[in-house]
Amino acid sequence: MADDEEPPMAVQIQSDFSFGKNLSVEESSDTVSVGVTVITGYLGAGKSTLVNYILNGKHGKKIAVILNEFGEEIGVERAMINEGEGGALVEEWVELANGCICCTVKHSLVQALEQLVQRKDRLDHILLETTGLANPAPLASILWLDDQLESEVKLDCIVTVVDAKNLRFQLNERRDSSSFPEAFNQIAFADTIIMNKVDLISQEESDELEKEIHSINSLASVIRSVRCQVDLSNILDCQAYDSTHVSRLESLLEANKSLTTTDLHDTGVRTLCISEPHPINLDKVRLWLEEILWDKKLDMDVYRCKAVLSIQNSDQMHILQAVKEIYEIVPARKWSEEESRTNKIVFIGHKLDEEALKTGLRDCRP
């Protein structure tokens with residue numbers, strides 16, 4: 001059966017579905033930000049199947065789904081352009097029988113999100129399916145730290161759907177060249193990976209494939225599925241970018257503390273963990289990161305970075321998260337007395353130089 005199914009049944013939009021209404025200060029101040037899940041994946045992996053599963057499901061959630069047609073050239077500047085005056089509708093919104101709403105957006109993502117959250121009192125979540133993007137990083141940069149949207153919506157997680165039957169072929173394509181196929185990028189940027197169509201391969205093949213996925217991105221959760229029928233709690237409200245939700249990040253960093261590139265001889269996309277037992281200087285860390293992420297000083301291409309940091313003269317554990325050039329370091333909670341205040345940083349990227357990274361982190365000591 002083809003991956004794309006019949007579209008979900010639509011019903012007439014209600015007359016009170018008004019995007020032009022402005023919320024009062026009292027109405028908006030009592031509401032919380034709406035989480036946005038970005039769904040990406042190789043053509044044919046099952047993105048449409050997942051979206052249809054959610055849109056047709058009896059889950060009791062009011063979920064808005066934005067199907068976008070961004071091309072590979074999408075950037076923050078283009079996405080920030082508002083088309084029309086007075087917040088005109090981007091495209092037609094359709095309300096579905098189970099309470100979800102759906103639309104297609106071609107350019108003005110920010111405008112579409114602003115229109116959506118004007119009635120966020122009735123929204124539980126927003127799904128954003130990328131139809132043309134191999135690399136979800138530009139969307140992440142818009143949703144994660146954009147001042148215009150920060151109080152209204154928040155990036156919850158990036159979900160990548162992969163085709164278990166064809167993924168190994170997709171990963172091997174141009175593996176030894178400097179140009180990596182979409183599959184690498186989509187896995188590298190993911191917080192959750194749905195390994196779809198596992199019924200088409202053996203248990204042994206499935207285990208090996210999951211191991212290979214984790215060699216690229218060991219921070220992501222891997223969920224095996226048939227026709228993308230997954231527990232929605234695994235892809236909604238993950239809080240992957242919430243600095244106050246640190247317990248899972250801490251356990252991930254602990255699990256990955258032994259990752260090394262020492263035994264690997266190629267320069268592919270992979271996960272690497274480094275640590276430093278001594279407190280470090282925050283300003284030095286920022287300069288070091290900016291040299292790596294912005295200036296490409298060490299000729300490494302870092303896709304994702306997550307860390308727990310022990311900052312000098314601070315009793316607060318600091319959390320670092322980075323998506324390509326965008327990064328954030330914020331205090332998360334107080335260190336407890338029995339904890340070992342060790343810096344742990346996980347990098348996901350291409351041509352990672354373990355010794356250079358260790359030296360750079362060591363040089364961030366006061």
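Begin by selecting Asp-283 and Asn-281: the backbone nitrogen of Asp-283 lies 3.0 Å from a polar atom of the Asn-281 side chain. Such a polar contact is a pair of N or O atoms within 3.5 Å; within protein, one must be able to donate a hydrogen and the other to accept it, and residues adjacent in sequence count only if both atoms are side-chain atoms. This is a predicted model, in which local features need pLDDT of at least 70 and side-chain atom pairs count only at pLDDT 80 or more, while totals for chains, interfaces and linings use all residues. Residues are numbered from 1 along each chain as its sequence is written, and side-chain values use heavy atoms, with hydrogens and water left out.

Asn-281 itself belongs to the loop between S10 and H10. Helices (H or I, at least four residues) and strands (E, at least two) are DSSP runs, numbered from the N terminus.

Is Asn-281 buried or exposed? It is buried, because its relative accessible area is 18%; buried means under 20% relative accessible area, exposed over 50%, and partly exposed in between (1.4 Å probe, protein chains only). Show next the residues around Asn-281: leaving aside neighbours within four places in sequence, it is in contact (heavy atoms within 4.5 Å) with Gln-312, Cys-364 and Pro-366.

**Along helix H10**

Select residues 282-293, which form helix H10. Colour Val-285, Trp-288, Leu-289, Glu-290, Ile-292 and Leu-293, the buried residues of H10. They pack against strands S10 (269-276), S11 (301-310), S12 (316-323), S13 (326-334) and S14 (343-350), and against helix H11 (354-362).

**The loop between S11 and S12**

Move to Ser-314, in the loop between S11 and S12. Ser-314 is buried, because its relative accessible area is 19%. A polar atom of its side chain lies 3.1 Å from the backbone nitrogen of Gln-316.

**Ser-243**

Ser-243 is found in the loop between strand S9 (221-224) and helix H9 (247-255). With a relative accessible area of 21%, Ser-243 is partly exposed. Ser-243 and Ala-332 are 89 residues apart in sequence, yet their C-alpha atoms are 5.7 Å apart in space.

**Strand S6 and its partners**

Select residues 125-130, strand S6, of which 6 of 6 residues are buried. His-125, Leu-127 and Glu-129 point one way, and Ile-126, Leu-128 and Thr-130 the other way. Strand S2 (residues 34-41) pairs with S6 in the parallel sense over 4 bridges; two strands pair if DSSP finds at least two bridges between them. Ile-39 stands opposite Glu-129 in S6. Strand S3 (residues 63-68) also runs parallel to S6, joined to it by 6 bridges, and Val-65 has Leu-127 as its bridge partner in S6.

**The nonpolar cores**

A nonpolar core is a set of buried Ala, Val, Leu, Ile, Met, Phe, Trp, Tyr and Cys residues joined through side-chain atoms within 4.5 Å. In the largest one, of 74 residues, Leu-50, Ile-126 and Ile-235 touch the most other members. Strand S7 (residues 153-163) gives the most to this core, with 7 residues. The core draws at least three residues from each of domain 1 (34-95 + 102-172 + 179-234) and domain 2 (245-364), with bounds that come from an automatic or database domain assignment. A second, separate core of 24 residues includes Val-302, Cys-305, Ala-307 and Cys-364.

Centre on Ile-126; residues up to four places away not counted, those it touches include Val-34, Ala-64, Ile-66, Leu-113 and Val-153.

**The whole chain**

Finally, zoom out: the protein chain has 11 helices and 14 strands, and buried residues make up 51% of its 366 residues.

Technical notes
The expected span of a helix is 1.5 Å times one less than its number of residues.
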